[in-house]
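This report describes how the parts of one protein chain are packed together. Look at the sequence and the structure below before reading on.

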Amino acid sequence: MADTPSTQDPSSRVVLVTGGNRGIGRTIAEEMAAAGHRVAVTSRSGDAPDGVLAVAADVTDAASLDAAFATVEDALGPVEIVVANAGITADNLLMRMSEDEFTSVVDTNLGGAYRTVRRAITNMVRAKYGRIVLVSSVSGLMGVAGQANYSSSKAALVGLARSITREVGSRGITANVVAPGFIRTDMTDALPEKQQKEYLQTIPAKRFAEAWEVAKVVRWISSDEAAYISGAVIPVDGGLGMGH
Ligand code: NDP
């Protein structure tokens with residue numbers, strides 16, 4: 001499928017994307033850089049697309065995130081747009097789900113978003129400007145058998161974005177959730193073919209999405225044009241989660 005043309009955002013902002021070395025996060029970083037922003041990505045392995053600053057950080061470790069933000073601030077300036085995208089799965093039926101499978105997923109997906117936003121928000125309040133985008137999942141809205149840990153962590157991001165909106169919405173800061181459906185990445189390629197076919201049947205669009213289809217939405221929701229949208233959940237799921 002052909003890509004759509006990129007719209008240049010009139011103002012160049014400093015952007016930080018967690019989990020930006022591959023998959024959806026990497027594509028978001030590329031899209032933001034193409035829009036004219038100064039972009040940094042974090043991940044545990046520290047890789048990045050061309051023209052984007054790579055900083056190693058583990059979102060489960062507040063000290064490593066703090067150091068990563070400091071590096072980005074020194075190199076690019078205070079972070080104005082933050083995309084909390086880093087996430088993991090550890091699927092299992094609830095009756096077999098271990099403490100570690102539950103807590104590691106919640107600590108990365110929800111705890112990681114909390115730590116990332118908490119570190120970013122002081123400068124945003126000071127600047128009276130900020131865009132916070134939390135990458136959730138249709139799984140968090142609908143629930144998925146075998147994903148009690150993942151779905152819980154992703155559903156909680158809605159409460160996080162809405163609480164942030166109520167706390168700092170008067171300071172020029174928005175916080176929104178983008179909820180992708182089935183996007184082709186390492187995470188979904190790892191699913192068995194039979195399961196992929198079953199998912200396809202349930203998607204009204206009858207196809208999986210490419211990462212750029214999420215990245216374009218993240219770019220727009222974090223643009224100046226979207227200043228009056230906050231606490232929203234924006235699905236990018238081909239209709240899979242309608243009504244949730
Ligand atoms: P990938 O597995 O391709 O990438 C995950 C990213 O998160 C990597 O950059 C990884 O980097 C990073 N990451 C994982 N754990 C940590 C950690 N503790 N600290 C820092 N970075 C970490 O996933 P996707 O691109 O598919 O998913 C991106 C986001 O989109 C996730 O939040 C996922 O839940 C969500 N999503 C994905 C969907 C899909 O269909 N693919 C559907 C709905 C939501 P590294 O391992 O180097 O640290």
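## Helix 1 and helix 8

The axes of helix 1 and helix 8 (residues 211-221) cross at roughly 50° and come within 8 Å. Axes here are lines fitted to C-alpha atoms, for helices over the stretch in contact, and angles run from 0 to 180 degrees between N-to-C directions. Helices (H or I, at least four residues) and strands (E, at least two) are DSSP runs, numbered from the N terminus. Helix 1 and helix 8 are therefore oblique to each other; angles under 35 degrees count as roughly parallel, over 145 as roughly antiparallel, 65 to 115 as roughly perpendicular and the rest as oblique. The crossing of helix 1 with helix 8 is right-handed, a term used if the near helix is turned clockwise from the far one by less than a right angle, with anticlockwise giving left-handed.

On the side of helix 1, the contact is made by Gly23, Ile24, Thr27, Ile28, Glu31 and Met32. Helix 8 contributes Ala211, Trp212, Val214, Ala215, Lys216, Val218 and Arg219. Two residues are in contact if their C-beta atoms, placed from the backbone, lie within 7 Å. By class, this contact has eight nonpolar, two polar and three charged residues. Ala, Val, Leu, Ile, Met, Phe, Trp, Tyr, Cys and Pro count as nonpolar, Asp, Glu, Lys and Arg as charged, and the others, Gly among them, as polar.

## The model and its numbering

The structure is a predicted model, in which local features need pLDDT of at least 70 and side-chain atom pairs count only at pLDDT 80 or more, while totals for chains, interfaces and linings use all residues. Residues are numbered from 1 along each chain as its sequence is written.

## The ligand shell

Helix 1 (23-34) also takes part in the shell around the ligand: helix 1 and helix 6 (186-189) each supply at least two of its residues. The ligand is surrounded by 27 residues, of which Gly19, Gly23, Arg44, Gly87 and Thr185 are the closest. A residue is near a molecule or strand if its C-beta atom, placed from the backbone, lies within 6 Å of it. The shell divides into 14 polar, nine nonpolar and four charged residues.

Seven strands form an open sheet with parallel pairing, in the order 3-2-1-4-5-6-7. Two strands pair if DSSP finds at least two bridges between them. Strand 3 (53-56) and strand 7 (233-236) are the edge strands, each pairing on one side only. From one strand to the next, the twist averages 20°.

Strand 4 (residues 81-84) and strand 5 (residues 130-135) run parallel and are joined by four bridges. Valine 82 has isoleucine 132 of strand 5 as its bridge partner. Helix 2 packs on the sheet, where it touches strand 1 (14-18), strand 2 (38-43) and strand 3. The direction of helix 2 makes about 155° with that of strand 3.

## Helix 3 and its neighbours

Helix 2 (residues 62-76) and helix 3 (residues 99-127) have axes 10 Å apart and pack at an angle of about 40°. That angle makes helix 2 oblique to helix 3. Ala62, Leu65, Asp66 and Phe69 of helix 2 make the contact with Arg115, Thr116 and Arg119 of helix 3. These residues divide into three nonpolar, one polar and three charged.

Helix 3 also packs with helix 5 (residues 148-168), at an angle of about 20° and with the axes 9 Å apart. That makes helix 3 roughly parallel to helix 5. Helix 3 passes helix 5 in a right-handed crossing. The residues of this contact divide into 15 nonpolar, four polar and two charged.
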